[in-house]
Amino acid sequence: MNAFLKDLEQTAADLRQQANAFAADQRQDDADLTKIRANIYEICATIGNVVRKMTPEEQREAVYRKKLEELPRNWYTALEMARAHGNAQRAAVEELKLEALADVLARFEGRKEG
């Protein structure tokens, strides 16, 4: 799990660097969206580090998976509300968060480490 969490942290750092490059190129919308993606990877890494420190080793994977699955509840609600009110910008942000989380879950399920 340590290597997985390091990978998430590196992904977040890479995204932050990309966001800074977008901002330097006067592409603020792209920078803001990239920062949102970085935040999701950071949140998932932070949750993983807490689980790693606070949970017995044999339970870590199940506890972490459960935490990640609980995370998007409010995002789904916000997405539906944004769609219902025709707020395309907010809907796009919520979709981006859900896509980033789906990527984290796919990486977690597909990793080769223990």
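**Entry 1. Basis.** I worked from a predicted model, in which local features need pLDDT of at least 70 and side-chain atom pairs count only at pLDDT 80 or more, while totals for chains, interfaces and linings use all residues. I number residues from 1 along each chain as its sequence is written, and side-chain values use heavy atoms, with hydrogens and water left out.

**Entry 2. Asn 49.** I located Asn 49 in helix H2, residues 28-54 (helices, H or I, of at least four residues, and strands, E, of at least two, are DSSP runs numbered from the N terminus). Is Asn 49 buried or exposed? I found Asn 49 buried, at a relative accessible area of 15% (buried means under 20%, exposed over 50%, partly exposed in between, with a 1.4 Å probe and protein chains only). I then looked for its contacts (heavy atoms within 4.5 Å). Leaving aside residues up to four places away in sequence, Asn 49 touches Leu 5 and Glu 9. With the side chain of Glu 9, the side chain of Asn 49 makes a polar contact at 3.0 Å (a pair of N or O atoms within 3.5 Å; within protein, one must be able to donate a hydrogen and the other to accept it, and residues adjacent in sequence count only if both atoms are side-chain atoms).

**Entry 3. Helix H5.** I noted that H5 runs over residues 88-110, 23 residues in total, and reaches 32 Å from first C-alpha to last, close to the 33 Å expected (1.5 Å times one less than the number of residues). Its buried residues include Leu 98, Leu 101, Val 104 and Phe 108. Among the elements covering the buried residues of H5, I recorded helix H1 (2-24), H2, helix H3 (60-70) and helix H4 (73-84).

**Entry 4. Aromatic pairs.** I counted three aromatic pairs (rings of Phe, Tyr and Trp, the last by its six-membered ring, with centres within 6.5 Å; planes under 30 degrees apart are stacked, over 60 edge-to-face, the rest tilted). Phe 4 and Tyr 64 form an edge-to-face pair, 6.0 Å centre to centre with 75° between the planes. Phe 4 lies in H1 and Tyr 64 in H3, so this pair ties together parts 60 residues apart in sequence. I read a relative accessibility of 4% for Phe 4, which counts as buried, and of 0% for Tyr 64, also buried. Tyr 64 and Phe 108 are likewise edge-to-face, at 5.0 Å and 70°. That pair links H3 to H5 across 44 residues. I conclude that Phe 4, Tyr 64 and Phe 108 form one aromatic cluster.
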